[in-house]
Amino acid sequence: MSPTLTNLCVVILLRMGGQESAPVEADRLLEELHDYVRTLQDKTQGLLDTYLLNQGVPFNGSDFSAEGLWLSGLPRASIPYRAWRNMTDEQRLLENHQAYSLFQEYLQLVLDDQRELSPNRTALLLLLNQLRDDLTPLLRRLTAALSVLHQARPSPVEDPLGSLDAPAPFQRRLRGYLILREYRLWLIRTRRSLAVMMSKAPLVQ
Amino acid sequence: MTAWSHGKALEFKSALICIQCRAAGDKVAIIWQHWQLSLLLRGATVRAFSMANIVASAYCVALAVLVMCTRGHSGQEGRKYYKRIGSNVTLQCETSDSHTSVIWRFNGHAIGHNEDQLLQGTNLTLRNIDSIHSGTYSCHEKHSGRLKNQITIQVGNPPVTPTVLCRSNAYPETFYCTWQLSSPTYIPTEFDISVRHGEKEIETIKDPNHKNRCNIRFLEMFSTSKYMVTVTARNALGSNSSTISFNENAIVKPDPPEIIEVNTIPDSPRRLEVKWRNPLTWPEPDSIPLKYFLRYKPVILDDWQHVEVTDVPFHTITDAYIGKEHIIQVAAKDSEVGTWSEWSKAVHATPWTPTVPVDVSEEKTSSVSEPLTGTTPSVGDNRQNNSSIRVESSMTLFLGMIMILFI
């Protein structure tokens, strides 16, 4: 084989090797994200019941309901099916990044409230601490996935708690419930979004 | 005609009908034979009604005419009444002379009288009626046989509280709700359904293929709001309703998958390869994936083996019983929420079993093989050298083009 041909083959092989690594890395990132969100979901099994049981009356009653109540500023998981289905991979990753950036602040708020309202509930406080800490690796993975799509690092979210009043203990306990309830729904939404993205590999740029 | 006044009656008589209108407080009642139509005039009273109140009188007459038209002009036409099981009912013959001898027939057959079926003058009283008393009762003059009156009775019950069930086998597009009554009414009964999601009322679509079933579209996914479903059963004897509420996740239950193939694997007496397909009702398995649960056992044993399978619609059983017929089923569940489907239809299969060994002497005879023949190299070095150069040049050109494409 002539030297020219040999050199060409080497160059092409190197180039092809480089091309194949991007989709493989994207798939790996998605799979890691998918598995990681599953571990976060496992931690939230029974979370709402645990939280309510530690808040006293009326939260620990069997007929407690917060149906129709909503905390302004909290990222909302609900979305019509077709709108969710038609999102691009970029949109999915960006919205998840934004949502969990906000949840980092809100979970810190819940933790601060509970340290004051339920200082003796060590198991609950430990759980809330873990939930807050779990979001840092999640956000890091989301940023990495966005990078694979050649998207800029998302800009920091505006502090959602700046305009919050200091409500009465009852309202703070209720606020905590609404935050945790929505957090659990977001984890389900994130898992489903990742499943859609993984079903069409590699990541669509 | 007498004047209206508080508590008194306006009477309207003709050769055909006799109607009374009574006013009391804020109620107006129109009484015709043994029918009574009562109206409640909200925000008004009829105390001030008098003979001079043309409007009130006209109202009564107009209603009387309406009742007449809808029920027929002749008392001899059949009328239908709904009566409750266990109640008593008196049927009037409506002869002008109460001493006239009459006979009553039930569905054309003469009625025998007993303590539960009493002839009182020309009236027939039925006591403690049951659904077997449903039918047509006719009163005839005894001597001439002339029909005097005909009444149809349907005996039944008001509806009990409906049992309502909702389920989604097509998440996240639609769900359906079904309803039924735990005890029969024996009379025509209608059902109304209303569905709310939070504050919003949602349209329901009657299922063309299933009785007592409606289909509803999910408004959104990942919602904190519950769906509230109210079913009202209504018939001539009363009504009853039932309300259930639920989150979308709680009702997700796919239909079972369908096993499409079970393959044996040669030389693997303990393996069976099972393939199935998603239920056709599940709208988007790519974006809303299912996970599966496989169970299998030899037909002759009682205990099942179970294995959970995610992501793919196939699985290879590796611990089948050698030579035994197996029964295999699969179930499905949404990967995140809801409950498992029912088990699929069972499929039977037996793993590969070795055939009876062939006689060794026959094997030896047939195993003689032909010697291998190799390919012969091409003849002519010059021609080979020339063609090699041409091939190499073409390859170089081809690879160069590929490289350009990747850049």
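Which residue stands opposite Phe314(B) in β25(B)? Lys275(B) does. Before going further, note that this is a predicted model.

That pair belongs to the contact between β22(B) and strand β25, residues 314-317 of chain B; the two run antiparallel and are joined by four bridges. β22(B) also has strand β21 as a partner. Strand β21 covers residues 258-265 of chain B and strand β22 covers residues 268-277, and they pair in the antiparallel sense over seven bridges. Within this pairing, Thr264(B) stands opposite Leu272(B). β21(B) and β22(B) make a hairpin, with two residues between them. In the turn, Asp267(B) has a positive phi of about 65 degrees.

Next, a lysine in another strand of chain B. Lys333(B) sits in strand β26, residues 326-334. Lys333(B) is buried but has no salt bridge.

The largest pocket has a volume of about 910 Å³. Its lining consists of 36 residues, and those nearest its centre are Leu48(A), Arg181(A), Arg184(A), Asn247(B) and Asn249(B). The elements that give two or more residues to that lining are α1 (3-43), α2 (47-53) and α6 (169-199) of chain A.

That is the list; questions are welcome.

Key:
Residues are numbered from 1 along each chain as its sequence is written. Chains are lettered from A and ligands numbered from 1 in the order in which they are written. This is a predicted model: local features need pLDDT of at least 70, side-chain atom pairs count only at pLDDT 80 or more; totals for chains, interfaces and linings use all residues. Side-chain values use heavy atoms; hydrogens and water are left out. Buried means under 20% relative accessible area, exposed over 50%, partly exposed in between (1.4 Å probe, protein chains only). Lys and Arg count as positive and Asp and Glu as negative; His and the chain ends are not counted. A salt bridge is a side-chain nitrogen of Lys or Arg within 4 Å of a carboxyl oxygen of Asp or Glu. Two strands pair if DSSP finds at least two bridges between them. On a 1 Å grid over the protein atoms alone, a cavity is a set of points where a 1.4 Å probe fits but cannot get out, and a pocket is an open set with protein on both sides within 12 Å along at least five of seven lines; lining residues have an atom within 4 Å of a point. Grid points are joined across faces, edges and corners, and a volume is the space filled by probe spheres set on the points.
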